[in-house]
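Colleague: I would like to learn how to read a few features of a model, one at a time. Could you take me through them?

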Amino acid sequence: MTVRSSTQQHKPLPNCSAACPVHTDTRGYAEAVSEGDYERALELLLQANPFPSVCGRICHHPCEKECRRKEVDAPVNLRMLKRFVVENTKDYRRERRRRIEPFRGKKVAIIGSGPAGLTAAHDLALLGYHTVVFEQDSRLGGMLAHAIPRYRLPLHALNEDIDDILALGVEAKTGCRVGRDISLEEIRESHDAVVVAIGLSESVTLPIPGSTSEGVLPGITFLWDVANGHPPPLGERVLIIGGGNVAVDAARTARRLGVSRVFLACLESREEMPAWQWEIQEAQEEGIEILNSWGPKAILSRKGKVAGLELKHCTRVFDEKGRFNPQYDEARTMTLDVDQIVMTIGQRADLSCFNERELAMERGRLMCDPHTLSTSEPGVFACGEVMTGPGSAIQAIANGHQAARAVHHYLQTGERLVLPREEISHLGPLPPRVASLARPMPRKDAALSDPQERTRNFSEIESPFNEQQALEEARRCLACAMGAQLESSQACAGCLTCARVCPFGVATVERTAAMPAEECLACGLCAAECPAAGVALKRFGTNQMKKTLREMLASTHASHILRPFVIAYCCLYETTGRQYLQPQSREEIESSGILRVMVPCVGRLSSLDLVEPFELGADCVAVIACKEGACLYPGSEELLQRRVAHAQKFLEEIGLKWASLQYHRTQENAEASWPAIWKEVRRQIAPESGKEAFK
Amino acid sequence: MIVADQKPLHEVKEFVETHQKILVAGCGTCVTVCLSGGAAEARLLASGLRIAFQRAHHPKTIEDDTVLRQCDEEFVLPLLEKVKGEGFDAVITLACGVGVNFLADRLGAIPVFPGVNTTFYGAVMEPGLWAEMCSGCGECITHLTGGICPIARCSKRLFNGPCGGSEKGRCEVDPLNTPCVWQLIYDRMKELGRLHELRNIIPAKNWRPALDGGVRHTVRERIYRLEYKNR
Amino acid sequence: MKSGSNLEKVLKGGHFAVTCECGPPRGPNPDDLIGKIDHIKGFVDAANVTDNPTASVRMSSVGASAILFRHGVEPVMQMVTRDRNRIAAQGDVLGAHALGIRNMLCLSGDHQTFGNHPHAKNVFDIDSMQLLHMVRTLRDEGKMDNGDPIDGKMGMFLGAAANPFADPFEFRVIRLAKKIAAGADFIQTQCIYDMDRFRKFMEMARDMGLHEKCFILAGVTPLKSLGMARYMNRSVPGMSIPQRILERMKGVPREAQAKEGIRILLEQIEELQQTEGVAGIHVMAIEWEEKIPEIMERARLIPRPQVD
């Protein structure tokens, strides 16, 4: 019996998360990074994806393609932020591991240990199932371990994710090939459900003349052998057939094996090539010679050995309906002398592990239903590329999650689950009017090692972000749809102040104020100025900040604090490390007399925010804004300065000294200038405040 | 809209010196719009007063609450209940003078103090600048002056043209902030093609409908003291 | 005759009239005022008595005008609407008449923020135009503003001010016409330095025939110094002193500037006498009344006509 669950409605996601097959809370981890909370960022990553280390390196990052920042300058480098998080939380990640003792009394077998299989295993282990992974190879990871070259994904980076998954209690049977060492039937006897996640592990070859010659290498086999330390002997000239990512991987791998001339021939034009554009560009930097719009006609051989390739010009790859239907100009040919040819024109599943009695096949493919992930046999599911066809790692991971859901449902109810159709509402593009007013901040790209250097070996070519780079890049996130909103229409007097202070022309007032989520850039100026105190910020609201402030003070002995006691509101965007982003200890506050409150742009501080600390016992409030002209939000500096002046006058009326509320600016960066500013703040307030300090 | 300015904090502080539990009452309409007495200002004033009394070693309980309008019984009622029910012994209202009176009439033995100075009926000329536009004289004459009121907007309430202090379109009393309203009227009447009407002498005004005629009230018969409501 | 005042007679007799200004003292004692009267007696046809000028408290214009009258100089009693409503204004006019005052100048008055009691409340129940109309009604119809009859008849020569130099310029002549329509028998203008603009003003007035409906007295003030010239140019609203005159004052040593000022004034008076529609001059020698005889003498405007 099959049940159909209703359409799955996601809350409106930011476009980055919506584009991510596993809907990683991209915006959330960018925020966590900007606040120096890398651990929280990792938690957010792991919530959606057990392979953050892998994805931090090789994900094709569809999130970035949809990032609305592109309307301003360029997308946020989300992949590199992810990589930064993973590489800076390694200890934490190990410490947070916990083994789940299976508690459901049911056992699930996963055949194949690629990203889909291991994701399914991970989820099912978390759900309390005894999970066993069958892997024919000695190493887990599937394509990640064998086909993705090490210069893109070093083994240690893969193992970080795999070790984490195994730590849950997932049992791995490596070197165990189904159909040879154990049959599917046997597995089914001892397991309550099976997930087939064997991927597409065989390269397809072209049936052209000469294709059986010595020196014609199937792409996956080639990459697999290299990855496992058995590179085939290669000549001076190697040609790769194919225009996909595996082709590019094969070409760059050949280059690293010392081949002086590596050619890549594909039917597609440069623009049509299915490989990621950045991969193609990097390959060209490494001297790969790409022959676009050429199809193989015949492999030329000498004494049964490859001697060259005859190519014919491809005039069209896709027909009017966009289907793959190449047309050739047979008259236009060329011949290239090469020593080896690597075929990377596509992959297929190796289904030899099952026989037709065990599992239904159809024209050499596994029969399966993409809506339920089920196969012909009850309790046997399929996921990953064997189910979906060729795809990316993150798509396989997403499919692995779905498989775990389907299995869990089956094991709990005996029914097949029709996976809900996802309906994701997301934001439109950032309106050009708003984009043109946002401050451009150049994107930080990963540094790649020099092409000459990097083709010498299989060392990783990409350098990670350092902390400063990561913080700066994280700040570029526009925090889409996390901006201002009216708390209650009743509070709004329609005074237009929000519309008048909004630097981006976003806030409008009809009967009441409206800040369209897809336009608001979350500067917080309207919230700070709203006379009805009726605008809330979904993120970066100062109420939460004040709550934290109260909590911090509650845990501190007022009488132990060094006087004068300064509460310093600091623009967290000026930090280059997390020294000042991490919470202060009680002792530090007490002994320094400085309590830092990190604010993402101090321009959002309301007059009340500036005055209230005095109620909490502060002798002085210092506002430390960003460097001159560095503010992300046009007008924020001016509004803040005026608000400070207003609050100073107000405090003076209360009987406080002018210096009780001070405005300072960061010089260079936080670490370089804040300690000096704090010293100066104390000096300015010091003379009498010691006497009149709160008891 | 009614415009009001905040009273200096020390003045407000003196009002409540002898009280212990004080409610700062904001008003959600006019004074919110003119940034002098809405919820944000009520919170700020309450905080400021707490700090001031704390520093004077006489800490007091000071809370704030804001209602939509302090000039309607229905909106004010919860405020009155709060004051009486929670034992407040004084109220500072940031509403205009109307709110002060309205509360005073209803608070019995509990004193109410003004937190703002009510200034005029005005409009926002540009963000942050409010200007007087009407003086509530009770008998509008703007049909004679192109819709621009010389009573509210001429420093000398002249009815028949600009005085000798009109220079470059500004009023001599406050050239920086005040246009000469007769220049405005002149320009507007010219635009309307009605300049010739300004040759007529506007006779002395009847000030009786204005405050000069005594305290005013208005009855709207169609909903005033409905009988079925009193049955 | 509307009032039978000397000023009215001089003007109606076709003579070039001269009035001057006589500020009341800052206290209860009339001695200083009497001193001023002595300076001007015989040199002018009438003298304006200001009404708490620039909104600063002085002896009342009714009281001071009565003193002038008593000492043989005909007063032009100024009355501003700033300080009195229609009730007080009418009462004061009746009282002034009883004291022998026959000329009055109806003004709205300087705003009190310029004076020595800036915190005072102003009245402005009526404006100068309405005051003119009200006094004319008292005089010609024997009725108060509310229509009630007054007991007896009243004569009063009614004056009004005009400022040809304020804005909007095009409205200035219209306003003059309105004042005449409201009851002005004569006009005294703001002091003139910019003769070009005044000529233009007069031309517009003549075009409307206003010079035939009332007597226009051109206001003049001798410049005592370059400093004074600059101050008036800069700080007195609705007054501009042409660069030419400033240059001229600048061109002489400080101690000779007062003399130069009088020389300029005399040239001006000469031109004004030639200007069609100008019926006389009003000399505002502010706290410089002692110069009036010299000015009049040098302008060959004495002796003053005796008209009956």
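Colleague: Which helix of chain B holds B:Leu103?

Modeller: Helices here are DSSP runs of H or I with at least four residues, strands are runs of E with at least two, and both are numbered from the N terminus. B:Leu103 belongs to helix 5 of chain B, residues 97-104. Keep in mind that this is a predicted model, in which local features need pLDDT of at least 70 and side-chain atom pairs count only at pLDDT 80 or more, while totals for chains, interfaces and linings use all residues. Residues are numbered from 1 along each chain as its sequence is written, and chains are lettered from A and ligands numbered from 1 in the order in which they are written.

Colleague: Is B:Leu103 buried or exposed?

Modeller: A residue is buried if 20 or more other C-beta atoms lie within 10 Å of its own, exposed if 12 or fewer, and partly exposed in between, with C-beta atoms placed from the backbone. B:Leu103 counts as buried because it has 23 C-beta neighbours inside 10 Å.

Colleague: Which residues is B:Leu103 in contact with, leaving aside neighbours within four places in sequence?

Modeller: Contact means that two C-beta atoms, placed from the backbone, lie within 7 Å. On that basis, B:Leu103 is in contact with B:Gln70, B:Val76, B:Val91, B:Thr93 and B:Val112.

Colleague: Now a helix in chain A. How many residues of helix 8 of chain A are buried?

Modeller: Eleven of its twelve residues are buried, so helix 8 of chain A is largely enclosed by the rest of the structure. Among the buried ones are A:Leu118, A:His122 and A:Leu124. The cover includes strand 3 (107-111), strand 4 (130-134) and helix 16 (393-413) of chain A.

Colleague: What span does helix 8 of chain A reach from its first C-alpha to its last?

Modeller: The expected span of a helix is 1.5 Å times one less than its number of residues. Helix 8 of chain A, residues 115-126, reaches 16 Å, close to the 16 Å expected. After this helix comes A:Gly128, with a positive phi near 100°.

Colleague: And the strands? Which residues of strand 4 of chain A point one way, and which the other?

Modeller: In a regular strand the side chains alternate between the two faces of the sheet. From strand 4 of chain A, A:His130, A:Val132 and A:Phe134 point one way, A:Thr131 and A:Val133 point the other way, and all are buried.

Colleague: In what sense do strand 3 and strand 4 of chain A pair?

Modeller: Strands pair if DSSP finds at least two bridges between them. Here strand 3 and strand 4 of chain A pair in the parallel sense, over five bridges, and A:Ile111 stands opposite A:Phe134.

Colleague: Let us turn to the complex. Which chains have the most contacts between them?

Modeller: Of the two pairs of chains that touch, chains B and C have the most contacts. There, 26 residues of chain C are in contact with 25 residues of chain B. Helix 6 of chain C gives the largest share of chain C's side, seven residues. That side divides into eleven nonpolar, eight polar and seven charged residues, where Ala, Val, Leu, Ile, Met, Phe, Trp, Tyr, Cys and Pro count as nonpolar, Asp, Glu, Lys and Arg as charged, and the others, Gly among them, as polar.

Colleague: How far apart are the closest C-alpha atoms of chain A and chain C?

Modeller: They lie 25 Å apart, and no contact joins chain A and chain C. For the complex, the predictor gives an ipTM of 0.93 and a pTM of 0.87.
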